[in-house]
Amino acid sequence: RKMLNIVSSLSVSPLALGLYTVNAVYGDTITMPCRLEVPDGLMFGKWKYEMPNGSPVFIAFRSSTKKNVQYDDVPDYKDRLSLSENYTLSIKNARISDEKRFVCMLVTEDDVSEEPTIVKVFKQPSQPEILHQADFLETEKLQTLGECVARESYPEGNVTWYKNGRVLQPVDKVVVINLQKTVDKSTGLFTMTSSLQYMPTKEDANAKFSCIVTYFGPSGQKTIQSEPVVFDVHYPTEKVTIEVLPQSTTVKEGDNITLKCSGNGNPPPQEFLFYIPGEAEGIRSSDTYIMTDVKRNATGEYKCSLTDKSMMDSTIITVHYLDLQLTPSGEVTKQIGEDLPVSCTISSSRNATVFWIKDNTRMQTSPSFSSLQYQDAGNYICETTLQEVEGLKKRKTLKLIVEGKPQIKMTKKTNTNKMSKTIVCHVEGFPKPAVQWTVTGSGSIINKAKETKYVNGKFSSKIVIAPEENVTLTCIAENELERTVTSLNVSAISIPEYDEPEDRGDDNSEKVNDQAKLIVGIVVGLLLAALVAGVVYWLYVKKSKTASKHVDKDLGNIEENKKLEENNHKSET
């Protein structure tokens with residue numbers, strides 16, 4: 001009590017050291033050192049804070065002699081205070097209400113020293129959120145975009161709106177911002193709510209809106225940004241566009257076409273009117289109109305518009321076509337030597353390329369049949385394609401059959417070994433003739449003939465013989481059209497016969513060879529007659545008969561050769 005009286009009677013003279021401020025974070029511990037030098041003769045130290053009206057409230061006492069600490073019964077600071085030996089006061093769980101002027105007092109018998117400390121408490125707000133967002137925005141209409149809310153801040157902060165990273169400044173009837181701040185009476189913390197009214201344009205379709213809260217912390221000014229928000233901006237259609245799907249460069253007969261109409265509004269129009277060539281009224285449909293298996297008469301101008309016919313777009317569609325007419329076509333049978341006019345006529349929407357194929361080989365020129373030959377027979381294809389139109393190709397076929405009666409040409413030659421002769425029967429005709437060989441007189445069929453490959457209506461049948469006497473061979477060729485028979489006389493193997501070319505152009509050579517053989521026979525006969533005349537009479541009488549026989553034989557050979565020539569000439573004719 002004596003001590004208290006001394007304190008009450010002493011004058012307070014605070015040190016002129018200036019105001020000391022302690023910045024604390026909400027919820028942390030506030031630490032306030034007593035910034036006085038401990039004087040000699042210190043009796044005790046005390047902490048107080050000042051009420052708004054200036055009246056003091058003592059909260060902690062520490063004796064320098066007894067080392068004991070006493071805390072005043074102040075409800076706001078119950079179990080929150082701690083006073084150390086150096087008179088540093090700590091307050092746990094900092095509150096907004098702790099933001100006061102605290103004073104440290106050191107008391108001696110002669111004096112009381114005081115040093116004030118200002119406590120400032122800071123609370124970072126929560127990350128701002130954009131709440132009550134509009135479902136969509138409409139152009140040319142002022143509407144609430146949303147509210148930016150930041151909670152539990154101290155001191156109170158400020159809210160700024162941004163679009164695509166740029167500050168939104170208030171503009172009359174275009175950008176209207178309203179900021180409200182509320183305080184929680186129990187905690188003293190502020191909640192900032194900023195509403196944004198905005199009139200969007202079409203360019204705001206993908207704009208990013210955000211808000212930033214600016215607040216003060218122990219180390220100075222700071223900011224926290226919200227997550228960006230993109231709004232669906234509705235705007236009317238200003239242009240209609242029609243396109244053809246698939247987006248190929250050409251359309252051909254038989255294709256399926258999809259017309260797609262679109263408007264550049266948001267949301268896009270869902271229904272349109274399609275105008276088709278030949279249709280007086282527009283056809284109401286969704287944004288697509290499908291045409292299947294289009295024909296050439298579908299070529300024309302196609303249009304689409306909004307259902308109110310306010311906007312329209314058009315496109316030209318050309319349906320390409322290709323027609324091919326082959327005359328004659330299919331299977332055609334003609335006789336050798338006949339004429340066959342052939343025409344391949346093209347009708348198309350643009351220039352077409354035409355080419356011919358025979359038996360899988362492309363021809364250099366179009367076929368022309370003024371006098372049909374066997375080699376003209378085959379499978380012909382007239383094919384055409386339309387330039388720059390993929391997949392448009394036409395073809396037609398002509399199977400040409402060239403028929404002919406069997407034609408025979410027989411040749412003979414003595415083989416180099418002089419021991420045999422080769423007889424060849426050259427045959428032309430279609431269908432392929434069947435060939436038989438016979439020997440005149442006996443009429444027997446020779447079955448040992450060899451045939452060459454049948455090409456272009458021609459082939460050969462060959463036999464090899466060694467006749468001991470003159471014979472006549474017959475070649476018989478037969479098909480469905482006719483049976484042809486030709487014979488050839490062949491001398492005995494003892495009489496050489498020169499090789500004869502196996503073609504039609506050597507008929508004269510065969511005649512010359514026959515004439516040479518005849519002359520040789522006559523000369524041989526004369527020599528034999530002269531030889532016989534020189535022998536003795538009795539031999540002359542006997543040999544004269546023999547010579548007479550030889551002459552008769554030679555003459556017979558001469559007559560035979562003449563007949564052979566005549567027969568050969570008739571066969572060739």
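Biologist: A polar contact is a pair of N or O atoms within 3.5 Å; within protein, one must be able to donate a hydrogen and the other to accept it, and residues adjacent in sequence count only if both atoms are side-chain atoms. Which side chain does lysine 48 reach that way?

Modeller: The side chain of glutamate 114, at 3.4 Å. This is a predicted model, where local features need pLDDT of at least 70, side-chain atom pairs count only at pLDDT 80 or more, and totals for chains, interfaces and linings use all residues. Residues are numbered from 1 along each chain as its sequence is written, and side-chain values use heavy atoms, with hydrogens and water left out.

Biologist: Where does lysine 48 sit, and is the residue buried or exposed?

Modeller: Lysine 48 lies in strand β3, residues 44–50 (a DSSP run of E, at least two residues, numbered from the N terminus). Lysine 48 is buried at 10% relative accessible area, the cut-off being under 20% with a 1.4 Å probe, protein chains only.

Biologist: What else touches lysine 48?

Modeller: Leaving out neighbours within four places in sequence, lysine 48 is in contact (heavy atoms within 4.5 Å) with residues including Pro56, Phe58, Phe102, Met105 and Glu114.

Biologist: And phenylalanine 102, where is that?

Modeller: In strand β8, residues 101–107. Phenylalanine 102 is buried, with a relative accessible area of 0%. Not counting residues up to four places away in sequence, phenylalanine 102 touches Lys48, Trp47, Tyr77 and Val119, among others.

Biologist: How far is phenylalanine 102 from leucine 89?

Modeller: Their C-alpha atoms are 9.7 Å apart, and the two residues are 13 apart along the chain.

Biologist: What sheet do β3 and β8 belong to?

Modeller: An open sheet of 6 strands, ordered β1-β9-β8-β3-β4-β5, with mixed pairing (two strands pair if DSSP finds at least two bridges between them). β1 (20–25) and β5 (69–71) stand at the edges with a single partner strand each, so one side of each has no neighbour in the sheet.

Biologist: How do β4 and β5 pair?

Modeller: Strand β4, residues 56–63, pairs with β5 in the antiparallel sense over 3 bridges. Alanine 60 stands opposite tyrosine 71 in β5.

Biologist: Another topic. What is the order of the sheet with β21 in it?

Modeller: That open sheet has 3 strands, β21-β23-β26, and its pairing is antiparallel. The edges are β21 (240–245) and β26 (288–291), each with a single partner strand, so one side of each lacks a neighbour in the sheet.

Biologist: How many bridges join β21 and β23?

Modeller: There are 6 bridges between β21 and strand β23, residues 257–263. Leucine 245 has threonine 258 in β23 as its bridge partner.

Methods: Helix = DSSP H or I, 4+ residues; strand = E, 2+ residues; numbered from the N terminus. Buried < 20%, exposed > 50% of the residue type's maximum accessible area, 1.4 Å probe, protein only.
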